[in-house]
Amino acid sequence: MDYKINKIKEQLMSGSITRREFAQRLMVLGIAGSSAGTLLTWADKAQAGAKRGGRLRAGIAHGSTTDSLDPGTYENGFMSKINYAIQNHLGEVDHTGSMSPELAESWDPQNGAKTWVFNLRKGVEFHNGKSLDSDDVIASFQHHMGETKSPAKSLLKQVSSIRKDGKYTVVFELTGGNADFPFVASDYHIAIKPSKGGKIDPTDGIGTGPYVLNKLEMGVRFFGKRNPNYFKADRGWFNELEMLSIVDPTARSNALATGEVDVIDRVDLKTAHLLARKSGIKVEETTGTKHYTFPMRTDTAPFDDNNVRLALKHAVNRDEIVEKVLFGHGVVGNDHPIAPSNPFHAASLEQRTYDPDKARFYAKKAGGVKVKLSAADAAFPGAVDAAVLYREHAAAAGIDIEVVREPSDGYWSNVWMKKPWGACYWGGRPTEDWMFSTAYMGGASWNDTFWKNDRFDKLLIEARAETNQNKRREMYFEMQQIVRDKGGVVVPMFANYVFGTTDKIAHGTMAGNWDMDGDKFHERWWYS
Amino acid sequence: MINILKIVAQRIALGLLTLFAISLLITFGVELLPGDLAESILGQGATPETVKVFRTELGLDKPAHLRYLSWLAGMATGDMGVSLANKREISELIGLRLSNTIFLGSFAATIAVPLALFLGILAALYRNTLYDRAVNTFTLTSISFPEFFVAYILILFFAIKLSWFPGISNVSRDLPLGDKLYRTILPAATLTLVVVAHMMRMTRAAIINLLSSPFIEMARLKGIRPMKIIMRHALPNALAPIVNVIALNLAYLVVGVVIVEVVFVYPGLGQLMVDSVSKRDIPVVQACSMIFATVYILLNLSADIISIVTNPRLLHPR
């Protein structure tokens, strides 16, 4: 077996295979998940030249005085970055989009991926001195299960039981096989915190992360000092971390331009090119799984007629929307939520384009299309502009769209999943199964198109437990095709994460799962 | 003297009544807004199950009037309660933000009020000259621009082009006073530009109004210098309307500066209020509105008292 692994390692080093193929070939040999990740990290030379020191000051676009440290309530970028600064999870998504070990040093599927055994790293300490063991992991998971307000509850419904098998081993029993369970177990909500008598204290701010919480003014400022006992030797390069919540985009750009901060996220797209022109500033972007959608309620007329849906899908000029709303910082979408960076993305599925004739054809079959589109900038920045553009594109096909501008305040309570056609955004998920299960499975709580397709649901369950990569690829291809052709959502674009840094900040290859290197910029970047 | 005390007592009693009315209005106003705290905080993460658990946890399933009464009882004993969003003591949450807001307001006021009085007196002295017209035009223009526009112009010139001052007011509790003042110069300057016009023009108008009175004519006939006439004879009599305008603007400096706080990222009470309203965190909204209302009432009260004290006819009514 070893010679086979060495041969594959050589192929990777010489560049004759890509990293993705490297991981896939290892999986064929039966080396899944963490072990493959370890081999990849070994081959990874991206951290060469990193050095310690300095205070990193970041200007973040979100943050509100009503935020809380409770992991069940993390819903904005500020809390997400604090999450990864002070806490860790069982695994993390690396720059190839695969799962890499973090607090769990390895994991093994058994019993057709229905049982998962996680082996924890030994010798990890929380900021309060307590050593990490299985009790902490179990308590951290249970905070999000049962009677809880955490959104991770529906994600963890697939876990039928958790038990410990010794001080450093945790065994999960699932209700059905899931080959992607390590991704689920590393969901950003499930931060591992110290357990006291079987429960965690959700707001104590204690974790195992690279920075120790020193001062926190909710919605204003986070200040942390480097954790001297951090278990990752090659992470956490800054001595101090200061994160400021700067909601106003102009103030945020100014803060970077005048040197008040070293990095900012959510660069205002309209002025990104001007910011990049300034000396000493770099504007960077990563393409991940973030996408913007226009979900139609397939349970409400006229969207229950697939001809109407197809007419509308052909009536939007995706390239123009990417150019005018994203200013080119993105790629076109193909009416399904799977991004080019997802492992089983259907690259060969024909890309839908703007076709007024086809749109007219489907509209005629449906007996004419006259609909209302509800939009607000709370859905995604530029949603109202995109809706207005959509209206113009559709008018050329004889389709009448009335754009209704909704108030941003209360958008998620009153418009999303209530009005027949609206706008929405998704951060996306690292695996196809997760994305589809969250929003496309029949009856899922966030299925905003209220869509149900029996073949799709059947394939979803089968693909989840399927360990043969080729079979899985075929199944996900078919599922993407079904969503594209029969589903209720128009996905015109995937948006890049665009952020700005000064010239003095350096980094390796970045992950695209969240903004700013998977929201882990503070542990992965350094001052050059 | 007893009259003053009687008047103050009356005003305070009226003030309390006003506060009570305001608390009712605010509470039921926010209740009328769609959605509630549980849905707003969980955002896209709100499913019917998680929302229900959150609501029970916070006691939001009790009817509105019961919650209001228990809040009122708490307020009467000085307990502002606990923020629904993150369970922190509201008094602690507001304490820091309130002191920040008052700091910025005082800073702006110490620049704006003397400046406005000075400009107004000079404008009255040199009325209808070029100086008078120039000052009027400039201050009217600055008050007509929206605050964020004024703020952006100041940032453009002083923070970016000249780099004299920082572009954002990154102020925290443990900074020395000098640092704090340095970082808040631009927001204070913005606020000054916004409030000076009102006070200056009222000063000018009140003084000019008096200049046709007999006693001023007498002073002029006696040969007193114009500046002395204004300072010793006109100004003390004009104080009543001027003080009222100053009080109004001081109240604005505490209560109405949300936009400046957002642009300069200054951690004040206005931003807290806006965040709490959009998350429907009712106890915090109520506490903030009580504070704002109290500020207005106290400042108006002081203005009234000063008006009375400077007017012997009101001080000793027959």
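# Reading strands, a helix and an interface

User: Why is strand β12 (residues 240-245) of chain A described as largely enclosed by the rest of the structure?

Analyst: A residue is buried if 20 or more other C-beta atoms, placed from the backbone, lie within 10 Å of its own, exposed if 12 or fewer, and partly exposed in between. In β12 of chain A, 5 of the 6 residues are buried, so the strand is largely enclosed by the rest of the structure. This is a predicted model, in which local features need pLDDT of at least 70 and side-chain atom pairs count only at pLDDT 80 or more, while totals for chains, interfaces and linings use all residues. Residues are numbered from 1 along each chain as its sequence is written, and chains are lettered from A in the order in which they are written.

User: Which strands pair with β12(A), and in what sense?

Analyst: Strands of a sheet pair through backbone hydrogen bonds, either parallel or antiparallel. Here, strands (E, at least two residues) and helices (H or I, at least four) are DSSP runs, numbered from the N terminus, and two strands pair if DSSP finds at least two bridges between them. Strand β1 (residues 55-60) of chain A runs parallel to β12(A), with 6 bridges; A:Ala58 has A:Met243 as its bridge partner.

User: In what order do the strands of the open sheet of 4 strands lie?

Analyst: The order is β4-β5-β7-β6 in chain A, with antiparallel pairing. At the edges are β4 (104-110) and β6 (159-164), each of which pairs on one side only. Within this sheet, β5 (residues 115-120) and β7 (residues 169-174) of chain A are joined by 5 bridges, and A:Thr115 is the bridge partner of A:Glu173.

User: Which residues of helix α11 (residues 318-325) of chain A are buried, and why are they on the same side?

Analyst: The buried residues are A:Arg318, A:Ile321, A:Val322 and A:Val325. Just after α11(A), A:Phe327 has a positive phi of about 55 degrees.

User: How many residues of chain B are in contact with chain A?

Analyst: Two residues are in contact if their C-beta atoms, placed from the backbone, lie within 7 Å. By that rule, 38 residues of chain B contact 36 residues of chain A. On the chain B side, α3(B) gives the most, with 5 residues.
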